[in-house]
Every structure is written in C-alpha cells, then in structure tokens.
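Trainee: I am new to this structure and would be grateful for a close look at a single part of it. Please begin with one residue and then relate it to its surroundings and to the whole.

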Amino acid sequence: MPYIKIECGKLTDEQKTLLIKRLTEVSAEITNIPQEFFVTTITELPDKNFGIGGKTIDVIKEEYKTAKEG
C-alpha cells in the first residue's frame with residue numbers, strides 16, 4: 001500500500017483536503033496503482049521547527065514580507 005507523508009507548516013482544512021486529493025490523483029496516475037490503495041498523512045509543524053540556510057522559516061517569512069513591502 002503506497003504511503004504519502006507530508007510535513008509542512010499550518011494548513012487550512014481546505015488546503016489539506018485539496019493536497020490529499022491531488023497528491024493521490026497524481027501518484028495513482030504515475031504509478032498505475034488505484035487511488036483506493038493510497039494512504040496520505042499530513043504532519044503540521046510550527047515554522048520555528050523548520051530551518052533553511054541556518055534560519056528558521058518564521059524568520060525567512062518575516063524577511064520576505066519586509067523585502068516585499070520595501
């Protein structure tokens with residue numbers, strides 16, 4: 001049974017529903033395995049628990065927001 005696991009920041013219920021639906025559809029299409037066999041889980045983690053280039057995601061988001069406004 002194929003298992004899809006996503007770890008990400010906070011999502012709305014609508015985003016989770018769409019993500020599960022689309023990931024399952026595309027994965028089934030590519031693998032030729034029926035959608036009914038796929039299991040998908042989403043683990044939401046705070047932005048402070050992710051880092052890129054030595055900075056947490058919350059810091060990166062704030063810097064991006066500031067740069068976009070300025």
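**A helix and its surroundings**

Mentor: Lys16 is partly exposed, with a relative accessible area of 22%; buried means under 20%, exposed over 50%, and partly exposed in between, with a 1.4 Å probe and protein chains only. The model is predicted, so local features need pLDDT of at least 70 and side-chain atom pairs count only at pLDDT 80 or more, while totals for chains, interfaces and linings use all residues. Residues are numbered from 1 along each chain as its sequence is written, and side-chain values use heavy atoms, with hydrogens and water left out.

Lys16 forms a salt bridge with Glu44, the closest N and O atoms being 3.1 Å apart. A salt bridge is a side-chain nitrogen of Lys or Arg within 4 Å of a carboxyl oxygen of Asp or Glu. Because Lys16 lies in helix α1 and Glu44 in strand β2, this pair ties together parts that are 28 residues apart in sequence. Helices (H or I, at least four residues) and strands (E, at least two) are DSSP runs, numbered from the N terminus. Glu44 is likewise partly exposed, at 28%.

Glu25 has a relative accessibility of 27% and counts as partly exposed; Lys21 is partly exposed at 47%.

Leu23 belongs to helix α1 as well. Its relative accessibility is 25%, so Leu23 counts as partly exposed. Apart from neighbours within four places in sequence, Leu23 is in contact (heavy atoms within 4.5 Å) with Ile4 and Ile6. By comparison of positions, Leu23 and Gly53 are 30 residues apart in sequence and 28 Å apart in space, C-alpha to C-alpha.

Asn32 counts as exposed, at 69% relative accessibility.

Strand β1 (residues 3-8) contains Lys5, which is partly exposed at 46%. Leaving out residues up to four places away in sequence, Lys5 touches Thr41 and Thr43. The side chain of Lys5 also makes a polar contact with the side chain of Glu7 at 3.4 Å. A polar contact is a pair of N or O atoms within 3.5 Å; within protein, one must be able to donate a hydrogen and the other to accept it, and residues adjacent in sequence count only if both atoms are side-chain atoms.

The setting of these parts is a protein with 2 helices and 4 strands, in the order β-α-β-β-β-α along the sequence. By the rule above, its salt bridges number 5. Another of them joins the side chains of Asp47 and Lys61 (2.7 Å, N to O). Asp47 lies in the loop between β2 and β3 (51-52) and Lys61 in helix α2 (residues 57-69), so this pair ties together parts 14 residues apart in sequence. Of the 70 residues of the protein, 16% count as buried. The C-alpha trace spans about 50 × 20 × 20 Å along its principal axes.
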